[in-house]
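Thanks for making time this morning.

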Protein chains: 2
Amino acid sequence: MSTEAAAKRRRLEPEERRAEILAAARKLFDAGTYASVSTSDIAKAAGVARPLINHYFGGKRELYLEVVRQIMVVPAPVTENLPKTTREHRLTISVDRWLDVVERNKRTWLTAIGPEAIGRDPDVERIMLEADEIAADHVLEAALMTGIVEGREELRAMIRSYGSMLRAASREWLIRGTLDREALRTFLTGSILHLLNVTYPKILEQRRDGRTPPE
Amino acid sequence: MSTEAAAKRRRLEPEERRAEILAAARKLFDAGTYASVSTSDIAKAAGVARPLINHYFGGKRELYLEVVRQIMVVPAPVTENLPKTTREHRLTISVDRWLDVVERNKRTWLTAIGPEAIGRDPDVERIMLEADEIAADHVLEAALMTGIVEGREELRAMIRSYGSMLRAASREWLIRGTLDREALRTFLTGSILHLLNVTYPKILEQRRDGRTPPE
DNA sequence: CCATAGTTTTGACGCCATGTCAATAGCACG
DNA sequence: CGTGCTATTGACATGGCGTCAAAACTATGG
């Protein structure tokens, strides 16, 4: 078969073995579906007996969630070390970096983000929400709006929604090729700027006029 | 409703029986997850033997896809009978109607759209894409831009992406309550208008110039 | 009213996947 | 060179899904 015909029983540190299994699982889930990948497959790929998965992760489900969590981590470099210029410039750079990261990890990212589909899994949902939360923080930081307090929740909610559009647009680019990179830049930076500079103030105004008398 | 005390073996027209099973499946999938709902559960709820599911749908998976397809149908009334006024007005009305529909079918819609998550199922993906396609048509129609040909693909791609944001924002509204209805209106109509009136022309221009490295 | 044919519906079987548990075997220490 | 700790495994039990031949229901013709 393969090079490791008669793999002896190796004994590893729990951490190390755990990592090996996780890596194998990640590779397999990357290629197939949750249902199409069996714990036997994972065990075989990791070179261990199936029960070890239960031992280290509890079950198939937990292992899967671990994989999702790992992949979902928002790439930090996107909003790190931004020059101290205008909001527009900083956001343009962030969008560009985002596109870089996504392009580089194309395959993994695509399978992670999936076809924004059904899922309908409370635990997965929680993971996604946390990731969105962090991403929203990054945007606020890039936009030099960290200190905002009035209508902060509304703003963050809109930014999270924007995140969905960003992912969808990125998929359009990578999969369908219906948008090229330059169009994406224009689209994404223009949208977030409009959101921050036009929509957000407008909503603040509505808020003041309606109920919620400030002061 | 029905007498499920000692249900004799009723013989129905295939269409009718199929519909009954589908309804039961829909209700159950609405409450749980794909994995958490067994074909036995569905069969029991529908008052039939399990193999009937295979007979009418092929298998659990196909039945599930059928449910998704049914729920995903874009509500038509959203862009029907729009008054012949400005683009802005027509889009405002459409957004409003969308919010109406969503609010009315709150629970069903939420579980259908799910937490735009992992899924990663090619067939589900196809269904979503088709739904998005139709939705994009509706938007174009509402925007009086049906005849557009130049950069049509790019435009449609951006509208599809916008659809993701619309769904995400609707979820923010219904689940978290972080956005009220008025804010949503402002946000959603403002975004689509900006997309159509500002971003789209800008991208057309870039297209004509060949490549224009901005900044 | 009865027999018969045709279609719906089901009971029973086989297969595969996951989770559990007691037993085994590697490794560090004396 | 034992010896104890624990990582690792083989074997079993449970439960879900798909298949198939047989049963039950209904409509037709005599």
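What you see here is a predicted model, and in chain A there are nine helices and zero strands, so that, read from the N terminus on, the elements of the chain run α-α-α-α-α-α-α-α-α. Chain A has 215 residues, of which 36% count as buried. If we take the contacts in chain A with a separation of 6 or more, 64% of them are accounted for by residues 24 or more positions apart.

Let me stay inside chain A for a moment and look at one pair of helices. The axes of α7(A) and α8(A) come within 9 Å and cross at roughly 105 degrees, and because angles from 65 to 115 degrees count as roughly perpendicular, that is the description these two helices receive. On the α7(A) side the contact is made by A:Asp132, A:Ala135, A:Ala136 and A:Val139, while α8(A) brings A:Arg156, A:Ile159, A:Arg160 and A:Gly163. Sorted by class, the residues of this contact are four nonpolar, one polar and three charged.

Is A:Val73 buried or exposed? It has 11 C-beta neighbours inside 10 Å and therefore counts as exposed. Between the C-alpha atoms of A:Val73 and A:Arg104, which are 31 residues apart along the chain, the separation is 15 Å.

Now to the two protein copies. Chain A can be superposed on chain B by a rotation of 180 degrees with 0.1 Å of shift along its axis, and the RMSD is 0.2 Å; the two copies are thus related as by a two-fold rotation axis. Where they touch, the contact takes 42 residues from chain A and 43 residues from chain B. On the side of chain A that touches chain B, the elements giving two or more residues are α7 (122-142), α8 (152-176) and α9 (181-209) of chain A, and α8(A) gives the most, with 14 residues. That side of chain A divides into 17 nonpolar, 13 polar and twelve charged residues. Why do we say that the copies meet through the same surface? The reason is that 100% of the interface residues of chain A are also interface residues in chain B.

By class, the surface near DNA strand C has seven nonpolar, six polar and nine charged residues.

DNA strand D is surrounded by 23 residues, and the closest are A:Ala49, A:Pro51, B:Ser38, B:Thr39 and B:Gly59. Here α1 (14-31) and α3 (51-57) of chain A, along with α2 (39-46), α3 (51-57) and α4 (60-72) of chain B, each supply at least two residues, and α3(A) provides the largest share, three residues. The surface near DNA strand D divides into seven nonpolar, six polar and ten charged residues.

How values were computed. Residues numbered from 1 in each chain as written. Chains lettered and ligands numbered in written order. Predicted model: local features only at pLDDT ≥ 70, side-chain atom pairs only at ≥ 80, totals over all residues. Least-squares fit on C-alpha atoms with pLDDT ≥ 70 in both. Contact = placed C-beta atoms within 7 Å. Near = placed C-beta within 6 Å. Helix = DSSP H or I, 4+ residues; strand = E, 2+ residues; numbered from the N terminus. Nonpolar A, V, L, I, M, F, W, Y, C, P; charged D, E, K, R; others polar. Axes fitted to C-alpha atoms, helices over the stretch in contact; angles between N-to-C directions. Parallel < 35°, antiparallel > 145°, perpendicular 65-115°, else oblique. Buried ≥ 20, exposed ≤ 12 C-beta atoms within 10 Å, placed from the backbone.
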